[in-house]
Amino acid sequence: MSFPSQNAAATNPVATGKKIIIVGAGIAGLSLALSLRKQWPNGPKPPFLSIYERETREAILGREGYSLSIRGDAFSGGIQVLQRLDILERMLPFSPLALSSRRGSFNLWSTDWKSLLKFPIASDDGGSSPTGMRIARAVLRRIMMDAVCEAESGPDPINWNKPCSKIETLPDGKVRVYLGDGAVDDCDILIVADGASSKIRAQILPEDKLQFTGVVCISGTSTFPDGQVPSPVDTDWGGVLGGGGTGLFVSPIDQNRALWSVSFYNETPRESLRYPIPDDQVESILQEALERGQHFDQPFQSMVRSTDPSTLMVFNAMDKQPFAHKDCPGFGNSSIIFIGDANHAVSPFAGNGANMALLDGWGLAEHLIKGEAMAAAIEKYDRESIPRSAATVKQSHWSISMLHATGLKLFLYRLMLRVVGIYLRWKG
Ligand SMILES: Cc1cc2nc3c(=O)[nH]c(=O)nc-3n(C[C@H](O)[C@H](O)[C@H](O)COP(=O)(O)OP(=O)(O)OC[C@H]3O[C@@H](n4cnc5c(N)ncnc54)[C@H](O)[C@@H]3O)c2cc1C
C-alpha cells in the first residue's frame, strides 16, 4: 500500500478559510485535525476547526484498556503518520517494547507456544524508531488529544460530551449539525469520524450496515505483579492456531498487564457485554473462556485467571466494506466526508483499523490542501482510502479463517506458514 506523498499545496486550497466540523474525537478525527495543522501551507487562511465528541475526556481515557498494533509495514502506515505528525516520540516511552533491546515480535503460535511464523519489530533505519509498536489505545488517544489542543490557539477545540444526533444539508451547501443538547452548528465541510456504528452513516446510507463476521470474542486484560507478565506474552504478541475451532490473540500492554482474546464461530451475534458486568456473569464468562480455550497451554489459564473484571468484554466481530462518496445521496451539493471506521469498519482481526484511521486523516488533509475543487479532492481521497480498506477487510476474513481452522484446513494453513517462514528466513 502506498503512503500518501507530501505534494505541493494548491494556490487556493479547497479548505481555505472554511469552517470544518469533525464529529468524533477518535483516532481518525484527531488525525485529520492534526494533519490539517501540520500540512497547512504558509499564506492561505487556515480553516477553523470544531470537534464534537459524544463522550467526556475522562470517560474515554478511563476505560479503554486494550492495546493496538500500530504498524509501519507495507500494508499499513500508522507509524509513518505519527512520525510526520511529530508525536511518535511522545508515544514510544509508553510502548515498553518499542524502545527496549527486546522489541518483541508478532507471532503465529501453535497451542504449545511454538512459533510457526515470526515478524520481529525492527528499527527502520538502524536508529531509535521502530517499524511497529503495541500501545494502549487510551495512551495513543491522550497524546493525540493533547497535541490537538496544543496546535489550536484558544480554548480546547474538542467539545466534550456533545453527541451529534443528525445532520442536514442547507440550500447554500453548508451542513447543519444537530447536537444532543438541542444546539445546532453550521459548517462548510463536515468530517464524519464517529466510528463503526456511525449515526450519520445510518442517516445518510441506512442500508450500509455493519455485518457480523460470524465470530464472537471474549477478551480481557490480565494484571500481574510488576515485570511478571509470563513469557512469551511479556515481549511478543500474536495469534494461536489449532485451538479446536477456538482462536486466541494475546499481547503485552505494559510491564504488568497483558491482553487476551478468545474467539469462536457462532451462528448469530451474542449480546455485547462491557463494564460494568455483574459479578456472577463475570465468573461464568471467565469459565466459558477457559473451557473454550482448553487446548491452549499455559500461560493462557493464568492470564484468564488474572483478568481485571472491569476489562472483561464479550463482543461480536463486525465489519463492512468501504463506500465511495460519489455514491452518497447529494454528493457534489455539499461537503460531507466519512473517514475511519465510520466509512470502513474492520474487526480486531484486521489489526489495522487504527492505522487506516491515521492514514485517512493524513491523506484527506493532503487532498483538502492540494485540491482546489471539493468533489475532485474527495474522489482522490477515495481512490487512496478504498483499496487499502477493502484489502484490510479481506485480510481480516483470512485471519479469521486461519485462527479458527480445524482438520485439513488447519494442516494446510500450518504448512503454508512453515513455507512462508522458510522463505522469509532465506530472504534474511
Ligand atoms: C478489541 C479491539 C482491538 C483492536 N486492535 C487493533 C489493532 O491492534 N490495530 C489497529 O490498527 N486497529 C485495531 N482495532 C481497530 C481500531 O480500534 C479502530 O479501527 C479505530 O479506533 C477506528 O478509529 P475511528 O476514529 O474511526 O473510530 P473510533 O476510535 O471508534 O472513534 C469514534 C469517536 O466518535 C465518537 N462518537 C461516536 N458517535 C458520536 C456522535 N454521535 N457524536 C459525536 N461523537 C461520536 C466516539 O465516542 C469516539 O470517540 C481494534 C479494535 C478493537 C475493538
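**Ground rules.** I am working with a predicted model, where local features need pLDDT of at least 70, side-chain atom pairs count only at pLDDT 80 or more, and totals for chains, interfaces and linings use all residues. Residues are numbered from 1 along each chain as its sequence is written, and side-chain values use heavy atoms, leaving out hydrogens and water.

**Domains.** I looked up the domain assignment, which is automatic or from a database. Domain 1 covers 19-95 + 131-210 + 320-401, and domain 2 covers 211-319. Their C-alpha centres lie 28 Å apart.

**Where they meet.** I found 19 residues of domain 1 in contact with 20 residues of domain 2, contact meaning heavy atoms within 4.5 Å. The two domains bury about 1,500 Å² between them, 63% of it on carbon and sulfur atoms; this is the accessible area (1.4 Å probe) that the two parts lose on being put together, summed over both.

I then checked for salt bridges (a side-chain nitrogen of Lys or Arg within 4 Å of a carboxyl oxygen of Asp or Glu). The count between domain 1 and domain 2 is zero.

**Ligand.** I turned to the 30 residues around the ligand (a heavy atom within 4 Å). Glu-53, Ser-69, Arg-137, Arg-141 and Asp-341 come nearest. I also noted a backbone N or O atom of Ile-27 at 2.9 Å from a ligand oxygen. For Cys-164, a backbone N or O atom lies 2.9 Å from a ligand nitrogen. With Asn-355, a side-chain N or O atom is 2.9 Å from an oxygen of the ligand.

Notes. Polar contact = N/O pair within 3.5 Å; in protein donor to acceptor, adjacent residues only side chain to side chain.
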